[in-house]
Amino acid sequence: MHSLDEIDRKILIALHQNSRISYTDLGQQIGLSRVAVQARINALAEKEIIERFTVVINPVKVGLSVSAFFNVDIEPMYLDEVAERLDQEPAVTSLYHMTGPSTLHMHGIFADMEEMEQFLLEKLYKMPGIVKVESQLLLKRYKSRMGMRL
């Protein structure tokens, strides 16, 4: 575990709000030079505190209107194999091994109900060790945090 000082926290908060901010603008915002900001960001990335830089795309705006959450029960001996296969599926946006009544909790985004049905019938249900799949469709997104808070 790495401890973060106050400057690192300020950098991470600023990047979380706007990852496209320039090193110069970020430096002015927190009172550091561009070079110092760049060095700190590079160090945070090397320590894997920053896992990656990415963009958040609004799925509806690009034609992906069905958002669903799945609870998937899997026989324990197939857990890693199924997780690895689901990790390769473009429709799967997140995948977690959970405690409780289901083994995997998964989120997927699809163009329409037909695409989701095709994913279920042709991919998920055919995977070895799948015991049960429950799904819930998202009606409205109020908040979606990418990453975590500090």
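**Helix packing and nonpolar cores**

In the predicted model, helix α1 meets helix α3 through I7, D8, I11, L12 and L15 on the α1 side and R40, I41 and L44 on the α3 side. Sorted by residue type, this contact of α1 with α3 comprises six nonpolar residues, two charged residues and no polar ones. The axes of α1, which spans residues 6–17, and α3, which spans residues 34–46, come within 11 Å and cross at roughly 85°. Since angles of 65 to 115 degrees count as roughly perpendicular, α1 is therefore roughly perpendicular to α3.

Helix α2, formed by residues 23–30, has L26, G27 and I30 as its buried residues. Viewed down the axis of α2, these buried residues fall within an arc of 100°, and so they line one face of the helix. Just after α2, G31 adopts a positive phi of about 85°.

The loop between α1 and α2 contains N18. This residue, N18, counts as partly exposed because its relative accessibility is 39%, a value between the limits of 20% for buried and 50% for exposed residues. N18 lies twelve residues along the chain from E6, and the C-alpha atoms of the two are separated by 18 Å.

Attention now turns to the nonpolar cores. The largest of these has 19 residues, of which F70, V72, L86, M106, F119 and L124 touch the most other members. Two or more residues are given to this core by each of β1 (66–74), α4 (79–87), β3 (104–110) and α5 (113–124). Strand β1 provides the largest share, five residues. When neighbours within four places in sequence are left aside, L124 is in contact with V72, L86, M106, F119, I130 and V133. Another core, of eleven residues, lies apart from the largest one and includes I11, A14, L15 and I30. Of these, I11 and L15 also belong to the α1 side of the contact with α3, while I30 is one of the buried residues of α2.

Technical notes: Residues numbered from 1 in each chain as written. Predicted model: local features only at pLDDT ≥ 70, side-chain atom pairs only at ≥ 80, totals over all residues. Heavy atoms only, no water. Axes fitted to C-alpha atoms, helices over the stretch in contact; angles between N-to-C directions. Helix = DSSP H or I, 4+ residues; strand = E, 2+ residues; numbered from the N terminus. Parallel < 35°, antiparallel > 145°, perpendicular 65-115°, else oblique. Contact = heavy atoms within 4.5 Å. Nonpolar A, V, L, I, M, F, W, Y, C, P; charged D, E, K, R; others polar. Core = buried A, V, L, I, M, F, W, Y, C linked by side-chain atoms within 4.5 Å. Buried < 20%, exposed > 50% of the residue type's maximum accessible area, 1.4 Å probe, protein only. Arc of directions from axis to C-beta.
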